[in-house]
Amino acid sequence: MAEHTAGSRAGKRRSTVPLTIGSGLLGLAVWVLLANSGIQGFPGPLEVAERAVTSIGDGTLFGDLFASLRRVLTGFVLGVALAVPVGFLMGWYPPVRGLIEPWLQFFRMVPPLAIIPLAIVLMGIGETPKIFVIFLASFLSSVVSTFQGVVSVDSTLINAARVLGAKDGRVFTGVVVPASTPFILVGMRIGLGASWATVVAAELIAAQEGLGYRMQQAQLYYDLPTIFVQLIVIGLVGLLMDRLLLLAERRLTSWQERR
Amino acid sequence: MSPVTPKIEFRDVSHGFDLGGETFAALDHVSLDIADGEFVTVVGPSGCGKSTLMNIAAGLLEPRDGQVLVDGRAVHGPSPQRGVIFQQYALFPWMTVRKNVEFGLKIAGVGAEERRRTAERFIDMVGLSDFADALPKTLSGGMKQRCAIARAYAVDPTILLMDEPFGALDALTRVQLQDRLLDTWSRERRTVLFITHDVDEAVYLANRVIVMAARPGRVHRVIDVDLPYPRTEDMRLSPEFAELRREVWHSVYHQPSPIERTSP
Ligand SMILES: Nc1ncnc2c1ncn2[C@@H]1O[C@H](COP(=O)(O)OP(=O)(O)OP(=O)(O)O)[C@@H](O)[C@H]1O
Ligand SMILES: [Mg+2]
C-alpha cells in the first residue's frame, strides 16, 4: 500500500519533467519569434549564448557574479545573525516586542532600495552602503518570521516540557528553538530572495563591478545581448540559491507533519 | 483533618477567566481529597472546568482562590513528581519516540547509559519497541498516546494526571489502553486523576467517580465504585456495572441548574 502510493507519487513527479522541458522549448520559440519580429536590436538565443561565452572567456561574468554574491552573502549572513536573536527576544519577552515592533512595522513599509540614497550619503559609495541595504532587507524579513515562529510555538509542548521538569532555559533551548526552526528557515528563504533582488538594484545605482553594474553599463551602449546574459544569470543564480535553502529546509524540518 | 494526609487535596479551589471585562467562573469552591494510590476519574459536561482543575493540580495554572496540596504541601508550579498526559498527546515532533521518552530523564540529569536503559524499558512496556527510532508523525493516534504514557512514566511520577487521554481513539484501542493502564496501576499504585467524557470509561477504571457540574464548575456528586480489581471485560456486562453506569450517567445528564443566572 505504502509502496503503491510512493510509486504513484514518484510517477507524478516524473510526469512533470516533459512539461518543464516543453515549457522551456516554448519559451525559446517565443524568444526566437520576438527576435525575428524586427524589434530594434532584440538579440536571439544564439547571439546571447555567444556573448555569454565571450564574457566567461574574458572573466568579466564570473568576476561580476562573485562581486554580487559576496555582497549578498555578507549582508545576508549579518542580517540573519542579528535577526534570529532579536526575533527570539521579541517572542520570548513581550516588553522587547513592544519596543521593537513599531520600528519593524515602519521599516518594513520602506523598500530597502529607498534607503540607498541615505546610505550613500552617510556611508560613501564603497561596499558599505550596498552591504548595509542587503543586511537591512534580510534582517527585516528574517526577524519577523523568527518572531512569528516563537509566538506560535504550541503551548501544550511548552507545558509538556515544564511538567517533565524543564525550567525556562531548557524550555527555550529544548522546545522553542526547534519548534520555530521551520519559521526561521522560511524567513531565511524570503530574506535571501529579498537580498538578491536588492543587490542587483543597488549595483544599478552605484558600483564598479557586479551583475547590476554590468547591466547598467550595457544600457549605456545599447548592448542588449549583455543585458540578456546578466538577466539570465541573475535568475538562474537566484533560483539555485532558493533551491539550496529549500533543500536545507526540507532536511532540517523533515519531522514536520505536512498538510 | 483526617489522620492520613491525602495524596492530593483540593482546598476550596476557585478559578475564573477574564472574558471582556467580566469574570467567567470556571471553578467554584472545589474541595476534594484523593488518597495515596487511589484511581479517581472525573466526568462532567464539556466546559465544566475539568481541564482547568487538572492544570491547577499540575501546577500549570495558579488558582484565583484556594489551593492544591500534594503530600500536604502547597503546589506552586509543575513538578516531574506529577506526570501529566495531555489530550493532544503533546509529543515533541522533532524527537524520535526514544528521545521523547528520554527527555524528562535528561532534564533530571540522568546519564546517557541509564537514560537509554530506562527509556527502553518503558517503550517496551507500552509496546513500541519496534518504533523506538520513529518520529511521531509516523505513529497512529494510539501509538502517540502510548508514547506519551511512556514519557510520563519514565520520570517515575507518584501522581498521574490524565486529561481525556483516550478521547481521540477508536473503541478497540481505547479498551486495550484502559486495560494496560489498570494493569500497571495495580502493580505500581500510583495515584491517578483521570478526566474523561466517557461514562463507561469513568466507571470501569475508577475507585471513585467525581461528577462535575457546569456554570460554575463544581463537584456535583461523588460515586464510589465498589467493583473489585482486576476489572475484566465480563464485568462491563454485569448488572452492578450497569447500575453504576446508570447512576453516573444520570448525574451527568441531570445537572443542577446554573447558579449564576445574572451573567448572560
Ligand atoms: N484560557 C481561557 N480563557 C478563557 N476562558 C477559558 C480559558 N480556559 C478555559 N476557559 C473556560 O473555562 C471553562 C472550563 O474550561 P475547561 O477547559 O476546564 O473545560 P473542560 O471541562 O475541560 O471541557 P472539555 O470537556 O470540553 O475539555 C470553559 O467554559 C472555558 O470557556
Ligand atoms: Mg478539557
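I began with Pro230(B), which I found in the loop between β10 and α7 (233–236) of chain B, where helices (H or I, at least four residues) and strands (E, at least two) are DSSP runs numbered from the N terminus. The bond that joins Tyr229(B) to Pro230(B) is a cis peptide bond, with omega at about -5 degrees. I noted that this is a predicted model, in which local features need pLDDT of at least 70 and side-chain atom pairs count only at pLDDT 80 or more, while totals for chains, interfaces and linings use all residues. Residues are numbered from 1 along each chain as its sequence is written, chains are lettered from A and ligands numbered from 1 in the order in which they are written, and side-chain values use heavy atoms, with hydrogens and water left out.

I then looked up Pro216(B), whose place is in the loop between β9 (208–213) and β10 (218–224) of chain B.

Next I turned to positive phi values. Tyr89(B), which is not a glycine, has phi near 65 degrees, and I located Tyr89(B) in the loop between β6 (82–85) and α2 (97–107) of chain B. Asp156(B), also no glycine, has a positive phi of about 55 degrees and belongs to the loop between α4 (141–154) and β7 (159–163) of chain B.

Are these residues buried or exposed? I read Tyr89(B) as buried, because its relative accessible area is 16%, and Asp156(B) as exposed, because its value is 54%; buried means under 20% relative accessible area, exposed over 50%, with a 1.4 Å probe and protein chains only.

For ligand 1, I found 13 surrounding residues, the closest being Ser46(B), Gly47(B), Lys50(B), Ser51(B) and Thr52(B); a residue is near a molecule if one of its heavy atoms lies within 4 Å of it. This shell divides into five nonpolar, six polar and two charged residues, and α1(B) gives its largest share, three residues.

I also checked atom pairs at ligand 1. One of its oxygen atoms is 2.7 Å from an N or O atom in the side chain of Lys50(B), and a backbone N or O atom of Cys48(B) lies 3.2 Å from an oxygen atom of the ligand. For the side chain of Glu164(B), I noted 3.3 Å between an N or O atom and a ligand oxygen.

Terms used:
A polar contact is a pair of N or O atoms within 3.5 Å; within protein, one must be able to donate a hydrogen and the other to accept it, and residues adjacent in sequence count only if both atoms are side-chain atoms. Ala, Val, Leu, Ile, Met, Phe, Trp, Tyr, Cys and Pro count as nonpolar, Asp, Glu, Lys and Arg as charged, and the others, Gly among them, as polar.
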